[in-house]
Amino acid sequence: MEEKITGSEILIRALADNGVDCVFGYPGGQIMPVYDKIYENEQGVFHYLARHEQGAIHAAEGYARATGRTGVVITTSGPGAMNLLTGLADALMDSTPIVAISGQVGSAMLGKDAFQESDVISSVLPVTKWALQVRRPEDIAPALSRAFYIANSGRPGPVVIDLARDAQVGTAVYEKQTIPFIRSYNSNPEPEKEAIEEAARLINDSKRPLVLAGHGIMISGAEKVLADLVEKGELPVGTTMLGLSSIPSDHPQYVGMLGMHGNLGPNINTNHADVILAVGMRFDDRVTGDIKKYAPNAKIIHIDIDESEFDKMIKCDIHLHSDARKTLEYLLPLIERKSRKDWRASFDVHRLVEEEQVMARELACEAPNGKMLMGGVVRKVCEAFGNDAVIVTDVGQNQMFAVKYSKFNKSRSLISSGGLGTMGFGLPAAIGAKIGEPNREVVLFCGDGGLQMTIEELGMIMEYGVGVKIVLLNNNFLGNVRQWQHLFFKSRYSSTPMVNPDFKMLAAAYGIKGADVACAAELDAAIEEMRKCEGAYLLNVNIDETDMVFPMTPGGNGVDEILLNESEYYKPV
């Protein structure tokens with residue numbers, strides 16, 4: 001007779017059999033049986049104790065984004081599960097594979113307002129790909145295998161397994177489960193041959209094609225075929241923010257980042273292109289600007305694994321519903337070798353103007369008042385690490401400066417909260433990224449506002465010795481809101497100035513080395529000290545509070561209606 005084991009032990013065995021070697025979480029009353037089995041650690045599943053459940057799920061996101069594997073988070077019922085909601089929404093919008101496991105009260109107490117009971121499934125359905133409550137131990141293994149399949153297939157995203165106490169303490173025979181497919185869920189559709197051929201014809205006949213590469217390039221592993229495609233057809237390629245690092249920054253066909261704070265070249269030339277090939281991106285409003293003014297001269301080809309994205313924002317001419325890598329592999333042999341040197345050179349004209357009128361000030365690093373500018377600090381830090389570090393950002397000005405002034409040599413080198421724009425994402429995500437990629441340097445750029453939202457996760461760094469390098473771009477303001485207040489609300493700085501603690505001292509309390517950098521003359525030596533430090537480090541940099549992110553396409557403007565500074569719109573040469 002086969003041995004029966006508890007549902008909690010089944011869960012841990014099933015995690016290991018699904019390739020999980022670490023989880024992030026926080027214990028509590030209704031998940032205690034599971035934590036009792038984690039304590040035994042017989043299956044090699046290591047648990048990282050976060051200091052808050054939101055920190056735990058952001059760490060799982062960072063792990064998933066850095067590795068491509070599914071991140072796992074475990075919490076208790078009620079407030080523990082509810083504290084996951086922000087991370088679940090963040091993971092859903094940014095297509096991040098997460099399996100979240102929450103404890104739940106016993107079946108007999110469901111719906112009776114028991115201590116720390118909440119209706120987890122109803123709460124998480126809007127922010128997950130799938131969610132299921134499990135009440136019997138024999139249902140745990142199949143539910144978990146299904147969860148992993150759904151989380152990291154098709155368009156990845158978060159799933160939730162709500163585990164009633166009955167399932168945790170009851171017993172059943174464990175049988176390893178494999179889910180090769182789910183009926184009615186086609187996670188890997190084939191693109192239509194006729195549509196592929198028509199897309200190739202449009203690209204081959206075009207004089208001014210532009211490729212828009214999104215996060216889906218890295219999710220599908222399409223980096224090489226993307227490079228082959230744009231080289232063969234001499235197709236300029238721009239990326240969304242989350243698409244950064246899908247093609248090296250120094251690739252000859254790479255023309256910059258799209259969007260509200262993107263580069264002039266790809267934004268201006270979006271409205272001059274005659275064909276746009278959009279791959280694994282969703283035409284976010286920050287990329288398109290006013291959709292009525294977007295790409296008026298272009299035939300648009302959209303490749304996406306999620307057909308709900310087709311025509312949601314921008315009406316497209318050809319829909320290719322499939323995996324990005326598979327579709328590009330079908331498309332590549334049909335693309336003709338062509339010279340488009342004049343079209344490619346037009347992007348450089350805009351780039352030179354941007355470098356002269358915007359970037360030159362930032363790269364000077366120091367403002368007239370002696371404080372530093374974010375762009376120059378970011379560039380110096382990235383160059384010190386050979387442009388090979390995994391760059392993680394929080395949200396706000398620090399994010400925009402980090403993505404604009406970093407350069408990338410390798411894929412999966414940028415981790416940031418894109419769609420939801422979650423302040424507090426940066427620190428725990430950087431911790432998860434470093435745990436997932438221990439042999440790569442991980443550099444976090446954050447602001448003083450976002451850091452304080454999850455600053456308790458310094459405790460995770462302290463306990464586990466996670467060697468994250470933290471660059472705090474500290475302007476004593478909620479900088480991005482301040483910028484909008486300055487430009488559009490008559491400089492009425494409502495609730496954006498911040499009275500901050502001594503961050504270096506706070507880091508020291510957690511055993512983390514650090515330095516305060518007051519002026520540009522001190523910066524190079526401080527960066528070198530941080531680079532040489534084997535463990536975690538916090539560099540607190542004195543940033544000019546008037547520093548603002550430009551270029552900028554204000555809300556409601558067309559993608560090519562771009563501010564170079566507070567009052568001057570760019571006039572293409």
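This report walks through a predicted model, from its sheet and cores to its cavities, loops and backbone details.

Six of them make up an open sheet, arranged in the order 3-2-4-5-7-6, with parallel pairing. Strand 3 (46–49) and strand 6 (130–134) are found at the edges; each has a single partner strand, so one side of each lacks a neighbour in the sheet. From one strand to the next, the twist averages 20°. Strands of a sheet pair through backbone hydrogen bonds, in either a parallel or an antiparallel fashion.

For a closer look at one pair, take strand 2 (residues 22–25) and strand 4 (residues 71–75), which run parallel and are joined by two bridges. Here phenylalanine 24 has valine 73 of strand 4 as its bridge partner. Helix 3 (residues 53–67) lies across strand 2, strand 4 and strand 5 (98–104), and it runs at about 165° to strand 4.

**Nonpolar cores**

The largest nonpolar core contains 69 residues, and Leu328, Leu331, Val377 and Phe445 are those with the most contacts inside it. Helix 9 (residues 193–205) contributes the most to this core, giving six residues. Another core lies apart from it, with 51 residues that include Ala100, Val392, Ile470 and Ala507.

Phenylalanine 445 deserves a visit of its own. Beyond its neighbours within four places in sequence, phenylalanine 445 is in contact with a set of residues including Val378, Val381, Cys382, Ile391, Asn398, Ala402, Val471 and Leu473. Val392, listed above in the core of 51 residues, is also among the contacts of phenylalanine 445.

Which residues of helix 21 (residues 479–488) are buried? They are Gly479, Arg482, Gln483, Gln485 and Leu487. These buried residues pack against helix 17 (397–405). After helix 21 comes lysine 490, with a positive phi near 55°.

Asparagine 476 has a relative accessibility of 33%, so it counts as partly exposed. Leaving out neighbours within four places in sequence, its contacts are Asp448, Thr496, Pro497, Met498 and Asn500. Asparagine 476 and leucine 88 are 388 residues apart along the chain, and their C-alpha atoms are separated by 30 Å.

Is valine 395 buried or exposed? Its relative accessible area is 14%, so valine 395 is buried. Not counting residues up to four places away in sequence, valine 395 touches Ser417, Gly421, Thr422 and Met423. Between the C-alpha atoms of valine 395 and glycine 106, which are 289 residues apart along the chain, the separation is 39 Å.

**Cavities**

Searching the whole structure turns up four cavities of 30 Å³ or more. The largest cavity has a volume of about 60 Å³. Its lining consists of Glu9, Ile12, Lys37, Glu40, Glu42 and Gln43. Helix 1 (7–17) and helix 2 (32–40) each provide at least two residues of that lining.

**Backbone details worth a look**

Most residues other than glycine have a negative phi, and most peptide bonds are trans. The table gathers some backbone angles to look up in the structure.

| Residue or bond | Angle |
|---|---|
| Serine 184 | phi near 80° |
| Phenylalanine 283 | phi near 55° |
| Lysine 490 | phi near 55° |
| Phenylalanine 550 to proline 551 | omega near 0° |

Serine 184 sits in the loop between strand 8 (171–173) and helix 9. With a relative accessible area of 80%, serine 184 is exposed. Phenylalanine 283, by contrast, is buried, with a relative accessible area of 1%. Its place is the loop between strand 12 (275–279) and helix 13 (285–288).

Lastly, the peptide bond from phenylalanine 550 to proline 551 is cis. Proline 551 belongs to the segment after strand 20 (537–542).

Conventions:
Residues are numbered from 1 along each chain as its sequence is written. This is a predicted model: local features need pLDDT of at least 70, side-chain atom pairs count only at pLDDT 80 or more; totals for chains, interfaces and linings use all residues. Side-chain values use heavy atoms; hydrogens and water are left out. Buried means under 20% relative accessible area, exposed over 50%, partly exposed in between (1.4 Å probe, protein chains only). Helices (H or I, at least four residues) and strands (E, at least two) are DSSP runs, numbered from the N terminus. Contact means heavy atoms within 4.5 Å. Two strands pair if DSSP finds at least two bridges between them. Axes are lines fitted to C-alpha atoms, for helices over the stretch in contact, and angles run from 0 to 180 degrees between N-to-C directions. A nonpolar core is a set of buried Ala, Val, Leu, Ile, Met, Phe, Trp, Tyr and Cys residues joined through side-chain atoms within 4.5 Å. On a 1 Å grid over the protein atoms alone, a cavity is a set of points where a 1.4 Å probe fits but cannot get out, and a pocket is an open set with protein on both sides within 12 Å along at least five of seven lines; lining residues have an atom within 4 Å of a point. Grid points are joined across faces, edges and corners, and a volume is the space filled by probe spheres set on the points.
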